[in-house]
Every structure is written in C-alpha cells, then in structure tokens.
There are 2 protein chains.
Amino acid sequence: MATFADIGLAAVINIVTALVFLLAFAILRLQPFNDRVYFPKWYIKGLRSSPTHSGAFASKIVNLDLRSYLKFLNWMPDALKMPELELIDHAGLDSAVYLRIYLIGLKIFVPITFLAWAILVPVNWTNSTLEQGPSKLTYSDIDKLSISNIPLGSLRFWTHIVMAYAFTLWTCYVLQKEYATIASMRLHFMASERRRPDQFTVLVRNVPPDPDESVSELVEHFFLVNHSDHYLTHQVVYNANKLAELVKEKKSKQNWLDYYQLKYSRNQSQRPMMKTGFLGLCGDRVDAINHDTAEIERLSKEIAAERERVTSDPKSIMPAAFVSFKTRWGAAVCAQTQQSRNPTLWLTEWAPEPRDVYWQNLAIPYVSLTIRRLIITVAFFFLTFFFMIPIAFVQSLANIEGIEKRAPYLKVIIDIKFIKSFIQGFLPGIALKIFLIVLPTILMLMSKFEGFLCISALERRSASRYYLFNFVNVFLGSIIAGTAFEQLNAFIKQSARQIPKTIGVGIPMKATFFITYIMVDGWAGIAGEILRLKPLIFFHLKNFLLVKTEKDREEAMDPGSLGFDTGEPQIQFYFLLGLVYAVVAPVLLPFILIFFALAYVVFRHQIINVYNQEYESAGAFWPDVHGRIIAALVVSQLLLMGLLGTKEAALTTPFLIALPVLTIWFHIFCKGRYEPAFVRYPLQEAKMKDTLERAREPNLNLKGYLQNAYIHPIFKGDDDDEDEEFNGKLEQESVLVPTKRQSRRNTPVPSKISSSSTPSLPDAIEENPER
Amino acid sequence: MATFADIGLAAVINIVTALVFLLAFAILRLQPFNDRVYFPKWYIKGLRSSPTHSGAFASKIVNLDLRSYLKFLNWMPDALKMPELELIDHAGLDSAVYLRIYLIGLKIFVPITFLAWAILVPVNWTNSTLEQGPSKLTYSDIDKLSISNIPLGSLRFWTHIVMAYAFTLWTCYVLQKEYATIASMRLHFMASERRRPDQFTVLVRNVPPDPDESVSELVEHFFLVNHSDHYLTHQVVYNANKLAELVKEKKSKQNWLDYYQLKYSRNQSQRPMMKTGFLGLCGDRVDAINHDTAEIERLSKEIAAERERVTSDPKSIMPAAFVSFKTRWGAAVCAQTQQSRNPTLWLTEWAPEPRDVYWQNLAIPYVSLTIRRLIITVAFFFLTFFFMIPIAFVQSLANIEGIEKRAPYLKVIIDIKFIKSFIQGFLPGIALKIFLIVLPTILMLMSKFEGFLCISALERRSASRYYLFNFVNVFLGSIIAGTAFEQLNAFIKQSARQIPKTIGVGIPMKATFFITYIMVDGWAGIAGEILRLKPLIFFHLKNFLLVKTEKDREEAMDPGSLGFDTGEPQIQFYFLLGLVYAVVAPVLLPFILIFFALAYVVFRHQIINVYNQEYESAGAFWPDVHGRIIAALVVSQLLLMGLLGTKEAALTTPFLIALPVLTIWFHIFCKGRYEPAFVRYPLQEAKMKDTLERAREPNLNLKGYLQNAYIHPIFKGDDDDEDEEFNGKLEQESVLVPTKRQSRRNTPVPSKISSSSTPSLPDAIEENPER
C-alpha cells in the first residue's frame, strides 16, 4: 500500500504538472497570435477582431509588455468577476447551470469535509487496531485516518452512523435548494427571453402515410381541424442527408485545393501533385490543383441537382413536420397532449431550437425506435462489461508487490524509490484516462443510432451512459479487481448478496488509489484543459497551411463547445468518490475540494472566453445531474452498510437501512415537485407571455417570422452569397422581427476592447444582434 | 410427498364440494323468495320487480314447477349466450373487460397445455432418474411427469428451453393482440358513449390559498384567464365528511327504530327496551322506541345545522374544484397540461365519473401526499414480510412426515389413510385462504390513506398490493418455507444470488401443493362464489327483521360489486402458477384450464345477473393486468434459469438470458404503443365528438347539464322527498338534457319478463334512463 510519502510525491508531481500547465497558459494567452485560441468566444460574438489594425509586426505575434507576465494568474479573479446574470446573457443558461454543478460540489463538500475532519478523523486516529492487529494485508499511515483503524464491534461505529445521517441530510438539503433555484432560473429565463421560434413550434413525427394527400397537405388539414383556433403554419422536413454529405465532401476538397494553391504560391517552381487513390497513397499521379478544381466543379453540379431533387421529389419529404402556432399557449397545448387515437402516430413534442435539431433522426418510425433502443441497450451492456477486462489488467500491473511477485527480474528497477512511487502514484490514473478518451465518441454514436431528435438529448443520453460506464468500470472495477488481486481471489466466487460487503471492505484500501486518480485526472487534467493544447496546435497548423483570408482564419479557430456528455460524468464521478469516502476515509475529501474549486475557476474562464454555445436547452439536464448525485448517495449508503456488516457492528447496521429508503423517497418528492418545470411548459406562463406580446406588438407578423425558422441548415446556404441573399430576403419580409439566422461567423461589430486581456462585459452585448 | 391417490382424493372432495354448491345454487335460485339475491341486477335496472302481483302465496316463496329443477345447469349456456356488445350495454365496459381476463387465460393456456402434454410430458416421463437415483428426498409418481425426472446434464433440457421460448412467444402474441383489442374497445366505447359530465370536466386540486379571494372566485378567475375560450363553469368541493358521518349515524338509528317497531307490532304486550351504554350491554334501560325517536330527531337537527354550516362557512370549502369546459377538446387540453409554474399547484386531471369520486381525499396537499406514500410503502413492506411467519408455520404443519417427527404420539391418527390424505390435500389451501380473507380490507384502507381520488384507482392500487402480497407470501412463502422444512434448513443461510436457484429447485416439488391449492381456491371457491351464501343469509335476516315497505326490501337486497381489488390478483396468481409450471411440471396445467373455464362462466353469470356496477372506468385497469402477466412471465423465466442452473446443464442456461430481456422489451413496446389510450384522451377524438354534437344539438344547454353534476352525494339528499324535489328542479332547469342523477334505487319501470328465470336482454334497456 502507498504511504504518506508516495502520496506526497504524487501530489508534488501533479501540482508541478498543473502549475506548468497554468504557467504555460499564462504565457501563451498573452501572445496576440494565440488570441484566437484563447478568446474565440469574443471573436464569435463579434466583440474582438484580429489585432491587425495597429502596431508593429512583432507586437502582433509576441507580447512584449513584460509587466503583463508578472500577473500571470490574474485570469482567475477575472473569470470569477462576471456576475451570474451577465454570464447567462453572455454564454447562455446551460453554461451557467453547468457551472453550478461545480458550485454544488463545493456547497456539499466544504461542510462535510470540516465535519469529517473535526469528528471522524480524531475518532479513527485514536485507535491502534492496525498497529496491533495481526492483519493479513499491509496497511499504511493513511489507513490510520480511515474506518479500518476502528476495532471490530466497537461502539465508535455509532459516530459513523450519525455522520452518515448528517451527510445525507446536508446533501439532500443542498440538492433540494439547488433544484428549486435552477427550476426558477429556468422558468425565469424562458419568461424573460426574447421571442424564439421554438416557443411557437411543435415537432410532429410519425405522420401517417396517406395515398391522396402529401405530407404537407395532411399536416395542414390535421391541425386545421384539431387545433383550429391556434394553427398558423408548418414546415415539412426534407431528407437532405445525401445532400449534406455532398456539401461536406465539397468542403473537404476545397480545403485541399486551398492547401495546394498556398503551397504552389510559396514555391512556384513545382506544381503540386497528388495521387487519386485511397488516402492519396495509390492511384495515378495528377496535377493536384487541376484535379481538385474539376472535382469541386463536379460536386457543385451534383449538389445543385440533388438540391433540386430534394425539393421537388415527394419521396424526399419525411413524415415529420414543424408545426407553428399563433400563440405560445397553442404550442404548449399541442406539445403536451396526445393527438390521435393511435398513440404512436402524430407524436408531438416541443420543437428544439433550430440549431439544436439533429436532422438525421427525424424520420424514424415508432417500432424501429423501440427496436433500436433494445439493440443499443444490449450493446451498451456488452461494451460496459467487456471493457472491464483490460482495465483490471492494467490496474493489477500498477501494484508493486504484484509485479515483483510475478516478474522478479524487474525488482531492481522497481525498487528504485522514485520509480516505485511514480508507478504507484501515476500509472493507474493514466491508464484509465486513455481508455476513457476513446469512449465518448462510441457512446455518442450509440445515442445517435438510438434516434434522439436534438443534440442536447443526444448529449444527455451519452452522459448518463458514460456515467454508468465509469461507475461499473472505474469505480467498481478498480475496487474489486484491484482488491481481488491483493486478496488472492479470496472472494471471486462469492455470491451476489456479498457484493456490498466485498466492495465495502475494499473501499478503505482503495483510498490512496483514488487520491492519485483525483490528482492526475482532476488537478492536472483540469489544468491541461485550460491550456487547450490540441486546439492550439491545430489552429497554428491550419493557420500555416490553409488560411488565406480573414474568413479562413475564423474557420480555423475552433472554440469547441462545453461537451456536456464527457464533462458532467467526470464531475459526477467526484461526487460519487466524495460521498462514498466521506464516512469511510475522510482523508480523500480535501483532494476533492481542490478539484471542485480549481475546475470551477477554469471552466468559468473557459465558458467566458472560449467555448461556443452549440444550443440552449435552458438547463434541461438538471434532473439528470440531480438524479445521479442521489444515486451516488444511495450507493455510498449501501456500501457503508456492507462495510459495517463486516465489522461485527451488527447493532448499527439496521439504523442504516432507513437512509436509502429516505433518500429514494426524497428523490421521488423532488421529481414530482421540480421535474415538470424541465419537461413541460405551464400554460399560465405561456398565456402571460402571449398577452404581454399582444399588448406590445399588436401588428406582429408572426407568420413571416416563423415561416422559414426550421429549414434544414443545408438549405440555408453553405455559400456565403446564398446566405446573405437569404437573409436579405428575410429581412425584407419581416422588418420588425430580428432573425437569428445570420451566419454566426461573420460578425461585423469591431472589437471595442481588444487591448485588455479579458474584456470586461461591455454594454455592447445588449445591442449585439446575436442574442 | 403426495401421490396420485392423494391428489385423486383431493380432486374428488373438491369436485363434490363444487357440485354441491352448484346444485344448491340451482335449487335456491329457482325459489321466488330468493329472486332478489340471485338476480338483483335486474331489479336495479328496473326490469324486474317483486313477484307479488299474481299467484298463490306458496308459489311466491317456493317454486313448484318441478320441470325447472331438471335443467339445473341451464344457467351456464344462458350466461354464455349474451353477446359481448350487449354485455357492455348491460353491465358496462369494465365488466366485459374483466371477463376477458379469464378468456385470455384460456387463450394462453389451451395451446400451451396441448403443446406441453404432447412434447414435454413424454420427454419427462421416458426417463428413470427418480426410480434409480439415490435421492435424499422422496418423490412420487406425479414428479415423474415433471422436469425432476430428467437426469443431470441431459441433452433433453434443450426441449425445455425451446418450449420456454415457444410459450413466451405465444403469451406475448396473445397479450399484444388483446392489448390492441381492449385499447380499441375503450376508445370505441368512449366515442360511442352518450354525453357524460366527466367528458367535459377536469378535477383541479391544490388550489393555492389566496387572502383576497375565495376558492370559487380564484378558480373562476384562473380558468377565465388561462383557458379563456373554453372555460364554462365550476363546482367547488365541500368538506362534508362530518355531515356524511351524521347521516350515517341517523340511518343506523333509523334501522334500529324500524327493528323495534316491527318487534312491537308483532308482540304488542311488551314495549321493547334497550340499554344506552356501549353496544347496548351496559347503561340505563330505557324504552327503545322512544329513545331512538328522540335520537333521530336530535340527529336530524344536527344534520340540518351542519348542512347549513358546510354551505356557508368558507373554511369548509376544500382547495379543489371540478371545472367544466364548453367542449371535450377544452377539457382534454386542460387535463393533459401543466397549468402553473409550480407543478404542485393547480394540479389537473380528468374528473372521474361522479359516482366514482372518493370525496374524502380531494383536499390532500402535495407534500402530505408524498409523505403518505412513503408511510404506506414502509407499512406494506412490513405487512408483507410479517405475514410470512404464521404462513410458514401452517405450511410446515401440513407435512405429514414433519408432524410425525415432531409429535410421534399423533402417529396413530395420522396413519389412517383418509386423514393423511385430507391433511395433505386440504389443510394448506384452507389455512392460506383464511389469512387472505382479512387482507383486502387492510389493503383498501392503505390505499385510501395514500390519497387516491377515485374508487377505481383505489381498487387498482389495492389489487397490485394484493398481488405482490400473494406473490411473496403464497407463492415464494409456500415454496421456500415448505422446502426449507423438508431440506432441514439446508439453504436458509444461502446468499441472494442463490435465490432463483433455491426457488427453482423447490418448484417441481411444490407442484402437488399448488394443485390442491387450485382445487380448493379455484374450483370449490368459484363454485361457492355463485351460491352467494353470505348475501343470501343477510337478505333473509334483514327481510325478517327490518323490511316493512317495498323500498326497505330493495335496500336489503345487496348485490355488491365485482371487487376488482380481490378478484384480479386471484386470477393473476393462476397466470403466475400456469406460466411457472408450464415448463417445469405441465401436470398442473389442466387444473388451471378448468379454473379459467369455470370462473369465466360463473363470473359471466354473476355480472349479468348479480353485480351492480359501482363505477365505469372504461377498462382503465388493463395496463395493470397486462403488466402483471408480463411480470409472471419474467419470474417464470428467471426461476427456470435458476432451476436449470442446478441441473448441470450449463450450456443451456445462457440461451435463457435473452428471454427476460426480450420480454421486458416487449413490455416497454406495449407500454408506449397502447398505454396512452388508457391514460390520455386524444384531441382528435374529442374534436370529432364535439363537432358531431354541435351539428346534432346546436342549442344544447351544456351549462345546465353540468352545473350540478359534481355535487357531494350527501347534498343530493338522503331523504327521498328532497331527492325528488331536487330532480324536479333540475328537470325544470334543463328539459333537453336527461340527467343521471335520479336515485338508482327507485326504478319505476315494471318488470316485463319476470316469469323467465334469466331474462333475455330486452330492447327496454335502450329506453331505460339508467344507462
């Protein structure tokens, strides 16, 4: 087992790593030529542009103002300065709510840490079970702080029970407060929001086929009959998947063409050549520029033909439509009710935001949907349980004693103190991390196959799968497989009722492993997050190879988005660790506190300066977050029961049974009380907004506003000229109504505050057409 | 273990019992003085009246027509004759759907029985494992037909796997067809139904308190704002629980007064005396008639005062209301949507039928509701698991070998062959039955405390609790406790993963026990059901002691209602037994078939002739029925897996894992496809009915029709004069609209077919104002 010294070394390594990352970030971000990597959000919002307009060439690339290097950590207070309301304005409610997950971590764990260190640590420390006991396993100093140091059957276990109750009550209290706050934030956000097309629009799926009418006619007739007073207009959905592919291909060819042209312009002596075969590795050698130009022309023609076909061929119309209503009330009613006798036809739900729609999945019929769900459930089960084998293997490698036993010839190397500590402190965390990097993509593909209709739902489902995967493989996998190796397969053939006991026993022993995991994944990982190494490299590569115009540079700048599907399960894992170890080994808690605090600052900075908002779901993911914290709480209670069950403290265990029951009841209560705010839209609110709007703008041309809101993005023009033409047409149609359908990339507003490193929020945001 | 002879004796006993019951019924039902016991439904519907108008005195009491005794079983074809559509007209959709549960039992088990006897029985029989094996347990001939007779690790287990698949597929196929049929029956019923108040009405609960407005004003304002185009009227709910109690007390006193007066009129020499104290056992002796008259007068005054108080005191108005809309569309919209920001206020749901409302529970606030649910869940858990102890004790008594071992002095008596068979065949079933008689009342009280709003929901919840109880105590309890006694506590301390194996192993051995259970509970019990011994005795007692007028006689006639909360779990238990034993011991299947067939005929007869319809939920219970059959299927699959896991047929078990997965997926599919038809009301249907109605009756006075539909029954008049007055007023108000609020007891329609024993369905039903 790892000693204090091992942990100390690991901590030093990770703190140094984190500091190096932070320092590198502090230096890199001050260089103007990295500006687009570290502040892309301000470019996207049009509040900042390339620093080309003034100064010498050198100062455009390197920051020569030495004073600014002295304050290399001043981004931290900057990141914390922006008040929450401004943050919501700046980055959307989703981001603000996301940050509150870190805050809730602090809210839960700061008091728990203090209480645990004030009461549990002394209670554990003042025993000498581990020193005296003829234990079969070797224990270290760290274990003296944990529950392992309490003698069997001791009355001191009552302290742990009382603490378990206190921690549960405190967690539930914080969760309930937070749920209430976020529900009201969401409702307030939706009420104060400007007019958006999705407030008036409902997505209708599974329109039944009709031999006499087209989908469009059928939808119109159906809603004219069944929502006669409220129906306004509708927009059918085209199956433009092939068209989207062609456009994507054309874009890729265009990139290559740009690259070759740039290469040729730099070295005019030689025309660039390429091979036409697979990945440019085989086939005929041709002149690259000519070939790509021809290809692009061919694709342009094909795209035009396909576009023509899609809009004219009735078969390319999918049995789905976006139906818009005259009032929010009408839309709220339609979204919440069942339309037809057959509950699998005419399915209605709130339309997602136009940018949130996942177009490919709109046409999946009901039966196919349930079959897909079954397939994915089974596939996910296998994915989860087959990943376990390699992880268990890597875990077992990371155990010094195990390696020495198996491969005595490595003893010489391993016995070097530094390497030993390194292996124990570092390796298990990294091995796990590599596994986990591959995973989110697979999970996202699964969610897409399963048929969700909007990106936010895809991410939510991926996140919950990712969490489950983490729980089974990282959490349980680490505890059981690792301990199994140590305890010589002692309990491999134990039965299912023993599992809480087995895991419970393994938990205190795994405290040091999870401490190193927190340091590698949590501390260094978060510090690495702010450095944005991958976008930095890619930006400069693209900048060097492709960029010719200002627009190209804007495209090369890839801010990315928050990545709920990977980020949230990561946080949740720390909730799980914190709650499980709070009673068992409080020594772990401070490490988690540091993670939550650091991550909060870093992500607040990233959200303000970097990430682009992909969609706005108004915090729709909070029920998931809440549910998973509750699940972690229940798991921690069950494991504590299992652990105490082995401690001959038979009297105490029954007192723990009430805890999961109460926790689950609390969850049901919260679900009923707050969850509807995230699923439905109260008619009272809708009516209020409708009435207000009618009073303010009695002559509103709503039809014009909604008519083209839900067009497949491919028709909105990949070419800029089309786009502008389109926008122009739209503005003519409805002058009163500001549309959001301007290209998010071309922001004409000049930078007003490009000199300060982190711009303070200017009033200009209010005038900015993007919000 | 029981042998063929034991089973044979038990079968003979039970068949004789059943035949005696049937014969007694056949004779009793032909006696005119029992007519009101065996045909009350026809009296209630006003199609039959007391046979007072003709014939001699003797023929009024005893049927002297000897020929009619010869055809003593002719009620059976009569019961089957009525077509389903007429049955729905006559007894409501609930009853018709309830009968379909028996039919679905036949549909599932007839093919399964044939297949099992054609394939599984020969496969099992042609082994000799039991004869040769040095088994620790004694086996009997019956076990030779079961899976126990297959040698360990035999390839013959593949037959059982294939059969398990076949049975599952067939069951799912039948279930799916049936779900589709019943969903469409429900929708068709609701579409073809006459106008009913609940189609236009929504129940609103948790109206928030308002300092400035009364509940009534608040409700009116809220709906005038939020459903401006559709709101019609509303009816607040009074807290009349105390008033209802007073009325009940008065009625009881009135009954006693009638009794004493009758007694006095028969024996004028002596004034009847009574004691005023507890239960008439202590206290002063007073003149009974005078005392009761005075009491009734006092109560009448109190009732008047309380009635006055309830209608005038604002505190007696509960924060709930029945809100009626101009159209079915408006009501459907309001019932399916969320009204207010706070999802626990202004809760709306479909109003139940007026007669279905459970008035006491209308005012429970949301938080109290969730706490009640928690309390009842915990209480039900304890109820379920503490009942187990006495049952296990009785079960173990019923084992001859066990008794002989414990109490050798009883050996002489027990060894008499007849007594031995009697104990083994009869006792366990009866002991269980006695336990189960007490239970439904407790469960119903629990459901009431939990706060459901209508009687149908109360019964549904009680039914599902009863089923769970049966499953844990009767099914698992019998298998484990019994086997535990036999196997000398061999597996008491086994772990949870072993449980399917433990139960699976116990199953084949318990086949004979369950066969006797089916015969006692299923055969004889159902035959006893048709005899209606309790109502028969009570009717004649009341008739002798209380009845003075024709109206009294009608009140004494107590048809009862179907009792979904006890009847359905009983049927479900047979589904469970059938599905579990289909593969393991097919010998049980014919017994179940006989139960389903007999019960179908008997209940069809009872529904046609006896039971009064308490409410009409339009088959809302079918999702529960479906879900429980699925649960039984999954249990049977898990137990089969457990059983095969002990048979050293390791290769075969993995093939069974897919079965529960597929079954649960099938359930999810059905839930999505059909359940909404039982929960929501499609807008398309509502619109269609609205349009039709508007075309037919453009001048309909809907407000008059709905205004008083949802009055607390206590205000509808316990006295007849008030009632009639009330009805008269109502008819004046809205001549066009036939109301249902006439006393169901006073049916002026004279009997048209009182001579035939089971009246064929006359056209008169169409004219009958009751439907």
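The following legends describe close-up views of a predicted model with chains A and B.

**Figure 1. Relation between chain A and chain B.** Chain A is superposed on chain B by a rotation of 180 degrees with 0.0 Å of shift along its axis, at an RMSD of 0.1 Å. This is therefore the relation of a two-fold axis. The same surface serves both copies, since 100% of the contact residues of chain A recur in chain B.

**Figure 2. The interface of chain A and chain B.** The contact draws 46 residues from chain A and 46 residues from chain B. Interface size is often expressed as the accessible area lost when the parts come together. Between them, chain A and chain B bury about 4100 Å², with 58% of that area on carbon and sulfur atoms. On the side of chain A, the residues that lose the most area to chain B are Gln338(A), Arg341(A) and Trp665(A), which together account for 17% of what that side buries.

**Figure 3. Polar contacts and helices at the interface.** Across the interface of chain A and chain B, 16 residue pairs are in polar contact, both residues being at pLDDT 80 or more. The count of salt bridges between chain A and chain B is 0. Several helices of chain A each supply at least two residues of the side that touches chain B, including α10 (157-192), α12 (215-226), α15 (328-336) and α31 (683-696). The largest share of this side of chain A, 7 residues, comes from α29(A).

**Figure 4. The largest nonpolar core and the surroundings of Phe475(A).** The largest nonpolar core has 302 residues, and those with the most contacts inside it are Phe475(A) and Phe475(B). Helix α7 (residues 84-125) of chain A provides the largest share of this core, 19 residues. Residues up to four places away in sequence aside, Phe475(A) touches Asn470(A), Phe514(A), Phe573(A), Leu576(A), Leu577(A), Val580(A) and Leu639(A). A second, separate core of 17 residues includes Leu218(A), Tyr231(A), Val236(A) and Ala321(A).

Figure 5. The structure holds 34 salt bridges over all chains. Glu295(A) is buried, with a relative accessible area of 15%, whereas Arg298(A) is partly exposed at 34%.

Figure 6. Glu693(A) counts as buried at 13% relative accessibility, and Arg328(A) is buried with a relative accessible area of 1%.

**Figure 7. A salt bridge in chain B and a network in chain A**. In chain B, the side chains of Arg298(B) and Glu302(B) meet in a salt bridge of 2.6 Å, N to O. Arg298(B) and Glu302(B) are 4 residues apart in helix α15 (residues 288-312) of chain B, and about one helical turn therefore separates them. Arg298(B) is partly exposed at 34% relative accessibility, and Glu302(B) is partly exposed at 32%. In chain A, Glu84(A), Arg100(A), Lys107(A) and Glu178(A) are joined into one network by salt bridges that share partners.

Definitions and conventions. Residues are numbered from 1 along each chain as its sequence is written. Chains are lettered from A and ligands numbered from 1 in the order in which they are written. This is a predicted model: local features need pLDDT of at least 70, side-chain atom pairs count only at pLDDT 80 or more; totals for chains, interfaces and linings use all residues. Side-chain values use heavy atoms; hydrogens and water are left out. A nonpolar core is a set of buried Ala, Val, Leu, Ile, Met, Phe, Trp, Tyr and Cys residues joined through side-chain atoms within 4.5 Å. Buried means under 20% relative accessible area, exposed over 50%, partly exposed in between (1.4 Å probe, protein chains only). Contact means heavy atoms within 4.5 Å. Copies are superposed by least squares on the C-alpha atoms of residues with pLDDT of at least 70 in both. Buried area is the accessible area (1.4 Å probe) that two parts lose on being put together, summed over both. A salt bridge is a side-chain nitrogen of Lys or Arg within 4 Å of a carboxyl oxygen of Asp or Glu. A polar contact is a pair of N or O atoms within 3.5 Å; within protein, one must be able to donate a hydrogen and the other to accept it, and residues adjacent in sequence count only if both atoms are side-chain atoms.
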